[in-house]
Amino acid sequence: MSHAAYVAASYGAALLTVAGLILWVWLDGRARRRELAALEAAGIRRRSAGEAK
Amino acid sequence: MRLVAERLSARRGEDLIFRDISFEIGPGEALVVKGPNGSGKSTLLRVVAGLLPREAGKVALAGEGAQAFETVASACHYLGHRNAMKRELTVEENLHFWKAFAGDSHGGAGVAIDAAAEAVGLGGIVHLPFGYLSAGQQRRMAMAKLLVAWRPIWILDEPTAALDAAAETMFAGLVNAHLSQGGLALAATHQPLGLGAAQELHMAGFAGVSVEAWA
Amino acid sequence: MSEQSLAIRKFSDLANPTRFLALSAIVWPWMAAITALFFAVGLYLCFMSVGDYQQGETVRIMYVHVPAAWLSMMCYSVMAASALGTLVWRHPLADVSAKTAAPIGACFTFIALITGSLWGKPMWGTWWVWDARLTSVFVLFLMYLGLIALNRAVDDPARAAKVSAILILVGFVNIPIIKFSVEWWNTLHQPASVIRLDGPTIDPEFLWPLLVMAIAFTLLFFTLHILAMRNEILRRRVATLRRLAARSAGYGEASR
Amino acid sequence: MTALLFRDLKLAVRAGGGAMIGVLFFMTVVAVIPFGVGPDLNLLARIGPAILWIGALLAALLGLDRLFQAEREDGSLDLILMQETPLVLTVLVKCLAHWLATGLPLVVASPLLALFMNMDAAAMAATMLTLLVGTPAITFIGAAGAAVAVALPRGGLLVSILVLPLAIPVLIFGVSAVYAAVQEPAPFLPPFLFLTALTLVFAVIGPVAAAAALRASTD
């Protein structure tokens, strides 16, 4: 294998891992916000929501 | 369809728990098993559900529709002391699993999950993990399990032990509705269940006699 | 404990994450933008620099490998500091920070391991050697995974935080021990290993891209960490609200 | 039945589930070996397949004790026993779910660990293939052990003690197939086919025995 291939593989692996990490953070955040929205739609909110925000 | 038990005996370990119990339950009827602690109510129910081997006698289905069931157990819902629900899954996932896994048996159809939760007075929180619910709510959701898949016979072991008065009334309503659809119920309880016309079976507590093999 | 101080603690428990959410909402887009900028410059420098006469093209792996390895250790330091915060000051944000740093640290350690392996194959002729530095990084990776598993295994986040904080601190003590013991153990069997990590960095030709990439990776870590912390706070808020919902549903039924 | 499969998979990946623990255990066990035998790459390459197989065997046994115990503790087992669906089939599906959640990750992780063991490409591929074929056998026979120990306190340790001797044939054929693939004169296929046959036999014996044990264990 040529050296350039190793370089490409390293950058690719790093990129893939970071992309996975970003995707996880993003999807996780979206799921949490959805859950919160669903709970609020069901009429459940925090007792302190009024004063804290 | 009728549920018939003839001269049942059962033992646990070396102790004979009860002997020569016979009863017969017809469509729309309920049998309430009463008796002091240790008199063998739970054992009787588990024997009928096929969860414990019987020492003698037999349990059978008779009458119209009885051929549709391979075993007595497959015609029964069993609500034991434990709720048979997973804490990690949401109520909906739990109920959906039992609805799909148990399926409807001959002669009826289960209700939808939301409707079942509504029937036990807990509509709107099916999306919560089961472990988040209080003990009483968990018990009521376990009762909703009886509704999602149809079984003609309900076997109920101390169904209302952890419940308040309102929930007891609710549950009596569920059982009565089941009976009015031609279902059968077999319940062991200390408290009055508030069922309409129910036979009663008093278990005396069978003391003193054990199997003589080692005596 | 008096009722008032309990109320004050309750309030600070609630207010701090809320304030954090508000503050981080303003900060994180800026951080993300700066991170992207640094990555753009860093990657440009990476591919503009000439190859090393000894190592050829493969020297470019260093620009990813070294920052990732550096972050794998810095992330653990962040976790250790957070663990102290959990145990000593009982700050609610500290255990959120420690918990969310673990997966990110595991990812950077994974990158360091993979790129190191890909660098080792052309340079040393093998993917992996059980050498001091490599082994200690691998142990670090296992510790990250263990901490993630521990956090997932315990239901109650407060309890999980305390237990994992203890483990993090024990691990922090353990890392130098592993490193030195392995070095000692290693010299018995394989006296001269072939690592020359510090060789090429002297030349400013390589130093600049490395530095920029290191800053870019560090910024990336902090951006992701802040976002992950926001998620974790929301997760706990959802859990609290759900418990609240379950309780109020019970009361509603009883009074009906 | 698919409902059961998906429920068990969900339980395995939810918080507190055991899907990740097995693979982590596998990695840790294998990572500890070089500390014991020293970093001699040739030696590691030689013993690598055996180490990977032993590690995978232990890791596959790790979560097995909970297979039926968790069901029994919350009362689900009673209801499962009462259904019309054959219990053997239910056990088979539970085994399948358990293998997908804990066995398959081991197979996927094995090439990575093979790299650490300095194994060459042929040995790596052979190990992965034999693990893919062999680990289901461990799960199947382990299910029988788990069913026997379901009602016992401290059943977890007992399951390992009961199952490990039964899993020895799997280990023998798995490891010998890998060595046959690497060392020239020995043919790869005979031990590999034995391993496959063993898995198929265990796929029948395991669930049947487990179902019988579960029926007997109710109280």
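Modeller: A residue is buried if 20 or more other C-beta atoms lie within 10 Å of its own. Keep that cut-off in mind. This is a predicted model.

Colleague: Which residues of α1(B) are buried?

Modeller: They are B:Lys41, B:Thr43, B:Leu44, B:Leu45, B:Arg46, B:Val47 and B:Val48.

Colleague: What do the buried residues of α1(B) pack against?

Modeller: Strands of chain B: β1 (2-12), β2 (15-25), β3 (30-34), β4 (56-62), β6 (153-157) and β7 (184-188). Just after α1(B), look at B:Gly50, which has a positive phi of about 80°.

Colleague: How do I read β3(B)? Which way do β3(B) and β7(B) run, parallel or antiparallel?

Modeller: In a regular strand the side chains alternate between the two faces of the sheet. Here, β3(B) and β7(B) run parallel, joined by 4 bridges. B:Val33 has B:Ala188 of β7(B) as its bridge partner. β3(B) also pairs in the parallel sense with β8 (residues 198-202) of chain B, over 5 bridges. There, B:Leu31 is partnered with B:Gln199.

Colleague: Now the interface. How many residues of chain A are in contact with chain C?

Modeller: The size of an interface is often given as the accessible area lost when the parts come together. Here we count residues. On chain A, 24 residues contact 32 residues of chain C. Helix α1 (residues 3-41) of chain A supplies the largest share of chain A's side, 20 residues. By class, that side has 14 nonpolar, 5 polar and 5 charged residues.

Notes
Residues are numbered from 1 along each chain as its sequence is written. Chains are lettered from A and ligands numbered from 1 in the order in which they are written. This is a predicted model: local features need pLDDT of at least 70, side-chain atom pairs count only at pLDDT 80 or more; totals for chains, interfaces and linings use all residues. A residue is buried if 20 or more other C-beta atoms lie within 10 Å of its own, exposed if 12 or fewer, and partly exposed in between; C-beta atoms are placed from the backbone. Helices (H or I, at least four residues) and strands (E, at least two) are DSSP runs, numbered from the N terminus. Two residues are in contact if their C-beta atoms, placed from the backbone, lie within 7 Å. Two strands pair if DSSP finds at least two bridges between them. Ala, Val, Leu, Ile, Met, Phe, Trp, Tyr, Cys and Pro count as nonpolar, Asp, Glu, Lys and Arg as charged, and the others, Gly among them, as polar.
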